[in-house]
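Subject: Structure handover

Dear colleague,

Here is the structure I said I would pass on. My notes on it follow.

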Amino acid sequence: MNATGAGGNAPAGAGASPGASKAPSGRPLGSRLIGSLEVRMLLLALAIAVTLSFASPYFLTKANIFNLLDQSVVVGLVAIGMTFVILTGGIDLSVGSVAGLSGIVLGLALKEFPIPVAIAMAVGCGALIGLFSGILIARFGLAAFVVTLGVMAIARSLAYIVSGQTAVSGLPSELSSIVFTTFAGIPANVLFLGATYLLAWAYLTYTKGGRTIYAIGSNAEAARAAGLPTLFYSVLPYVVSGAFAAVAITFSTAQLLSADPLAGNLLELDAIAAVVIGGASLYGGRGSIVGTLIGVLIMVMIRNGLNLLGVSPFWQGSAIGGIIILALLVERLVSARTSARA
Amino acid sequence: MEPLLVARGVTKSFGGTLALSGADLTLRSGEIHALLGANGAGKSTLSKVISGHHRASGGEVRLRDRAVDFRSTREAMNAGIGIVMQETSLAPDLSVLENIFLPELGTPGRLSFRRLRARAERILEELWVAETLPLDAEVGRLSAAQRQLVEIAKALAGDAELIVFDEPTTSLSPSEVEHLFDIMGALRESNRALVFVSHRLEEVFAISDRVTVLREGATVGDDVETASLDQGTLIRMMVGRDLGEIYAAPQARAPNADTAPVFEVAGLASAPLVRDISFAVHPGEILGLGGLVGAGRSEALEAIFGLRDRQGGTMTLNGRAVSFRRPVEAMRAGVGFVPEDRRTQNIVPDLSVRENLLLAHTGARRLPGLGYRSRRARIEALFEALDLPIHRLDDPSMLDFSGGQQQKIIIARWLLLEPRLLLLDEPTKGVDIGTRQAIYRILRDIAAEGVGIVVVSSDFEELLGVSDRIVVVSDGSSIADLPSGALDEEKLTLLAAPRTSMARTTNLLERLAHEHGGAAFWILPDAARLVCLGAFVADPAADPGFGAGEAAAFADTRVAVGLGTGCGDANGTTADGFVPEPDGSLATLVVPVTNRRGHDMGRIGVVVPGAGEPEAARRIADAVHALHAPDTDKEAA
């Protein structure tokens, strides 16, 4: 590492002659696209889609595509928050439990308050838990893995206690309108997912806050020395993550009209997997919201495809785990080759 | 004599980049061979090929006339080749002993720690550090110089016959460099072959027997005797063209000390390293903060900039009291800061060159948007002025640039904010000589626009060349504030020495002043001027008219004649007696001080009212000779 850092073994740079340096901007568009991780993962997603459409005639039907999009909503929303967290070099293991607890808060609040207030309370609950984790991690320097592992246990336990160990059911049926209302034939929850991804992408790409999150994950000390508000933007991703876990569970509760204290179990694994498949580095600084979206689609397609093919649910875990590892392995090999070419 | 190692036409490529394109090197036992080149010339790569870190892509390396191709450092070590790396390869959590024998911990079978300890003690004795480097100390807690000694010990423990020193002096203070050179000299005496990688010419001339110069991956000066070269020839070989004066000439008109300072700090304290630092910078002035690594200079800059908590001190910027709690406050007030370590404190590797360049702009911005477009024209002008390639502005990583270009981009990051005060910590560390020259010129140009500049540098030659005035920091306190014209490297080294290592001398001054009812001082004289290292006044009537950390002309002191006569003779033969001033009020005795190695350490003087007695003069001379500056020896170790 020091060879490129301080030692300097790039004579092209030292020479300072314009023609000698191989700037990426000088490479043809095709190789630049292949060089981009998102494009490679998009190709992988397409390959999976094509394979599944041959394996199951039902896969490419309109009904199944809507089904796929519908299944993407929960993990997709959680993965946005997870992307923020992972970009800073952190991790949030608590999202599944936070979703469970927020769902219970939503269910109980619906008994007392109008729907918008109840949703706000649930999202507020998720955000507060995120704030708690974020402050412990960013202000007190505790390891994100450990803090969110602890919060994961606490939130799940609180979900059981608050709910009295049973699902909260009999929720007002108007709640389901946030899922089943359609605009131009597209369900509201899918539209919401799309709009949220667009906003998150714009935020991470074009705002001071978004770039600060990248800078923190890449080199927090340099970001701090350049005057960026590193503490605030180290905490914010956990707040976003907690809030999105609550938003996600709101949609799933609206579909079921029931809040289960066990809801969201293992959601963190799907979300982390989607973010990592989307090309984010667990060390922070590298990754994108577009990549995460592709990662979510890959995850959901595989799960959906395995169901269509009648693979036993017990084998699905092995299949998904294997595909994640394979995807990352191929990615590592390919990216080593392309960066060597560059 | 048969060469120990011969490398011919070595090439090495990383991906598509050619780091070595035909490097030759010939090494002989009992010689120190300097491997010289600008940054990015391939010095480090060639050393790593020789020591087994990298495998050559082409060419031939022959060791004792047998072709070798090391696949690992282990293989190189078994063949008797060790390397002391720029960034140390030690395990910070292990002890000194464990680190020295780290390669052996990998061998199967039981280790006898008692035998290893005895061997380690022998090695440390060979390096003269058996007393100062405890074997059980945790390596992570050692100073940079001590860690380097552990690396050398590690190479020796592997019975290395050929040791590569990859830029070993970068983080060492002058006295530590001297000690390192002593060790290298001893290793040469023991018939080992040494490679000394550097881009500092003075050091190459000081220590090496032969030189190989690399430029852009190829050998351009093959196996030349150092003695047959001069500085100009070497620079021409390194950069491929002539360089003018390295340091930009200071302004013709010295910055007017009467103008209000841009920035002033008094009594700055920031635990644990910064205790009491004060200085002022005037518009258009480059102020150097001199001192040893660890004296608290970097920490002082960080404390000023709001990166570190302060426990005390007042600051004024443009006449207004300021107190920055966070960097952004300092930035918005017009202060810029270039921290020391490019890789850890400046470069954000995952952001593009453009975003890195605009990082401080983003940090200072109040609006949520980025506003990159508004800086377009200014960026173009800056890249033009700094000779940076504008077509690489959107490169995805800064790490593909040479160290010098990286540093220029970082400086440009702060110039974009148009600061009134610019603080720079080691601005030319790991930067080739061509870029260094460019950076000095840039600093001079910014200063000429009325900006106040503070530069921290451990390279005393650079500090003297670049600054108008130097504030010396030792043990966290500013102890001298002198125009750089009054100083040279030797005086700066003595001024910068840790106060603790001078305790014996300052105690002696105090004792002499009290015993003889006058004043005592320790000065470095230079023709008719002096720099005072320490002074103690017991009787105000005998005040010599200058104090510690001050420079003065003899004529401006109260003991002009005493100093003139006392220092006039380099051998100090006039030290037999007091020299009275013409008006008879004061008499001065000046005694030369040398350390054990016969190094001139200046003069100690005593001023008494009246004429002074010969008997007292003899006692004082004895006391000074008895001092014999053993503490300054310790400082040199």
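This is a predicted model: local features need pLDDT of at least 70, side-chain atom pairs count only at pLDDT 80 or more; totals for chains, interfaces and linings use all residues.

A crossing of two helices is called right-handed if the near helix is turned clockwise from the far one by less than a right angle, and left-handed if it is turned anticlockwise.

Chain A

Chain A has 15 helices and four strands. Of its 342 residues, 49% count as buried. Among contacts in chain A with a separation of 6 or more, 75% are between residues 24 or more positions apart.

Two packed helices are described by the angle between their axes and the distance between the axes. In chain A, helix α7 (residues 115-138) and helix α12 (residues 230-256) cross at roughly 150°, and their axes come within 7 Å. The crossing of α7(A) and α12(A) is right-handed. Where α7(A) meets α12(A), the contact has 19 nonpolar and eight polar residues, and no charged ones.

Most residues other than glycine have a negative phi, and most peptide bonds are trans. A:Gln165, in the loop between α8 (144-163) and β1 (168-169) of chain A, has a positive phi near 60°. A:Gln165 counts as exposed because it has 10 C-beta neighbours inside 10 Å, the limit for that class being 12 or fewer. A:Ala184 sits in the loop between β2 (182-183) and β3 (186-187) of chain A, and its phi is also positive, near 50°. With 5 C-beta neighbours inside 10 Å, A:Ala184 counts as exposed.

Chain B

The secondary structure of chain B comprises 23 helices and 26 strands. Its radius of gyration is 27 Å, close to the 26 Å that the globule rule gives for 637 residues, so chain B is as compact as a globular protein of that length. Along the principal axes, the C-alpha atoms of chain B fill a box of roughly 80 × 65 × 50 Å. In chain B, 52% of the 637 residues count as buried, and 67% of the contacts with a separation of 6 or more are between residues 24 or more positions apart.

The domain assignment divides chain B into domain 1 (5-239), domain 2 (263-286 + 298-455) and domain 3 (498-636). Between domain 1 and domain 2 of chain B, the C-alpha centres are 34 Å apart. Eight residues of domain 1 of chain B and nine of domain 2 of chain B make up their contact. On the domain 1 side, the residues touching domain 2 of chain B are four nonpolar and four polar, with no charged ones.

Helix α1 (residues 43-50) of chain B is mostly covered, with eight of its eight residues buried. Among them are B:Lys43 and B:Lys48. B:Gly52 follows α1(B) and has a positive phi, near 85°.

Which peptide bond is cis, with omega near 0°? The bond from B:Ala271 to B:Pro272 is, and B:Pro272 is found in the loop between β11 (263-270) and β12 of chain B. Strand β12 (residues 274-281) of chain B contains B:Asp276, which counts as partly exposed because it has 17 C-beta neighbours inside 10 Å. Leaving aside residues up to four places away in sequence, B:Asp276 touches B:Gly267, B:Ala269, B:Gly476 and B:Ser477.

Regards

Key:
Residues are numbered from 1 along each chain as its sequence is written. Chains are lettered from A and ligands numbered from 1 in the order in which they are written. Domain bounds come from an automatic or database domain assignment. Two residues are in contact if their C-beta atoms, placed from the backbone, lie within 7 Å. Ala, Val, Leu, Ile, Met, Phe, Trp, Tyr, Cys and Pro count as nonpolar, Asp, Glu, Lys and Arg as charged, and the others, Gly among them, as polar. Axes are lines fitted to C-alpha atoms, for helices over the stretch in contact, and angles run from 0 to 180 degrees between N-to-C directions. Helices (H or I, at least four residues) and strands (E, at least two) are DSSP runs, numbered from the N terminus. A residue is buried if 20 or more other C-beta atoms lie within 10 Å of its own, exposed if 12 or fewer, and partly exposed in between; C-beta atoms are placed from the backbone. The radius of gyration is taken over C-alpha atoms; the globule rule is 2.2 Å times the number of residues to the power 0.38.
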